Amino acid sequence: MLMPSRKPRRQAQDADTSDSSSHSRGRPMKRTSELKPSLEARRQRAKVIHEQATADMSITRRTELSTFESLPVEIIQQIFFHSFEVNMPRASPYLAHALANPSIYNALIQFAYFDSDEESPVETRHFLPAEYRHVNLGEKIRLQQGILNCRWCTLARLKSCMPALSRLQMVQAWHREHNAEEELQLEPEALSSTLDYSSRHGLSPMLPELDDDVGMETHFLAKSFSGDDLSAPSAPPRGPGLLSGERRSVDPVGPVGDAGTFPRIIVWAFITIAGQPQKILDEGVSIMAVYVIPDHVLAVPAWTEERLTLVQLLRQGLRFLRRENVLVISVQALFKGMATAIHEGNEAALLVLLELHYAIRKIDQGEPEADGGTTLKTRTMVGPFAHPLPLQLFHLACARPKHLHPGPNLTARLLSLLIREGLDMIPFDDPYITHWAIHASESSPSSQIVQLARWLLRDMAGSTMYDLRADEPLFVNGALTRRQEQMTFSYLPFPEVTFTQEIGYLCGHAAPVTFTAPDGGPCG
């Protein structure tokens, strides 16, 4: 049988010299240079590439400035002051560097809040490096809105500018008073016999020299030199109030600027007594003419001491306005701030916001409308307001989680504040307020809370008599319009003190002001 011939096996050396890849199994192993780098190595590589690209861009940027950026820094600054475009530093890093100067920030604040009489001289040195120019109301509103949204416009910076703002107003008041004396041809002897009550407090009606800083501050009552201030609230709290003794004590003059600078000065006026001209202290003039309170100042995520002090400082700037009673404010932001204060149990913040709400009221806006299926009372015990308090704020106070802020009195104190400003908004048939009042009247360990709850139930039922005249409100600025002894039919568990006095604001010599929006309508 014929068999096929066998081929001879290759020698081992032939196998060694052949291509080994033809006999390997699976994928071949990669070289070390071909392996994927680790995540950390990739991150370091990306960082190096980014730094190199940024460096290249900055080099290119320095060599390719725009025509505007190529101008001298002084000219850029003057253009900035004439345009008041606060977004200009955000246009490029170069402009941001050119305008990032504390003196520029201070000058912007002076422009925004100094309210010139447009007749008397102005000390322009306070506006350096800017050239002073008159700023109209529209520009002030836009500028105040802009700078209050800037990070550099802090409470500390605003307070640091108040001495210069006070000096600007004092200089103009000095010139007005000096011109009036020359027109009346007053002699120093006539002024020395002034019968004004201020002379009993060591105040001299004589005009000091312009360069006499202490004399100017004393003459215009620009600072508090002692604990006895002529403009402190004249009416102390009366009556027991609702837990009023447990509230924190506040500064008797409210927030002030650096060196104890008040948010206003007091100017002098001339009257005739027994045929002789006399000087008397007249009215306060704001050194911070506030025309805007932005939304973010009121609708805060949480109330801190600095945020609340800023609101108080702006409120005091509003109090002594003399020329334009205009205010740009959102009541919705104000109500959001109140809701945050109620949720946090921050009684002081709620008190400040309620006083601000009363200040921006608009008289004669008609009866508020009921929301939903509630039935409002046909009376005006507090308002009328253009924007009355929402009923939801009362519900939020009644439903406060007790574990966040334990204590049986806090919810009652918050409700008491809301009632003093929004009693008209409580309907007869509200289930949430009724439930709280019934529960508090039956189970509260505090006699004052029981009194409040029972009074609230009687008021909602319409069975309380107040002895009020026609169209006479029960509360004005949070205070009872009549003393407890004049209420012959009922006892009211509320303090006989206004919100303004309870906060401790400097309010003497402030003229009543009704604020409007820029278009003449109600604020908000």
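Predicted model: local features only at pLDDT ≥ 70, side-chain atom pairs only at ≥ 80, totals over all residues.
The expected span of a helix is 1.5 Å times one less than its number of residues.

Helix α7 covers residues 155–184, and for its 30 residues the rule gives 44 Å; the C-alpha atoms at its ends lie 43 Å apart, which agrees. Along the way there is a feature to look for: α7 has a kink of about 35° at methionine 162, shortly before proline 163. Then, just after α7, glutamine 185 takes a positive phi of about 55°.

How much of α11 is buried? Twelve of its 15 residues are, so the helix is largely enclosed by the rest of the structure. Among these buried residues are Leu308, Gln312, Arg315 and Arg319. As for what surrounds them, the buried residues of α11 pack against α5 (102–113), α7, β2 (276–286), α10 (295–298), α13 (347–359) and α18 (499–503). Here, then, we meet α7 again, as one of the packing partners of α11.

Our last stop is a pair of helices, α14 (residues 391–398) and α16 (residues 431–443). They pack at an angle of about 35°, their axes 9 Å apart, and their crossing is left-handed. On the α14 side, Leu391, Phe394, His395 and Cys398 meet Tyr432, Ile433 and Trp436 of α16. By class, this contact has six nonpolar residues, one polar and no charged ones.

Terms used. Residues numbered from 1 in each chain as written. Heavy atoms only, no water. Axes fitted to C-alpha atoms, helices over the stretch in contact; angles between N-to-C directions. Helix = DSSP H or I, 4+ residues; strand = E, 2+ residues; numbered from the N terminus. Left-handed = near helix turned anticlockwise from the far one by under 90°. Contact = heavy atoms within 4.5 Å. Nonpolar A, V, L, I, M, F, W, Y, C, P; charged D, E, K, R; others polar. Bend = angle between axes of the 7 residues up to and from the residue. Buried < 20%, exposed > 50% of the residue type's maximum accessible area, 1.4 Å probe, protein only.
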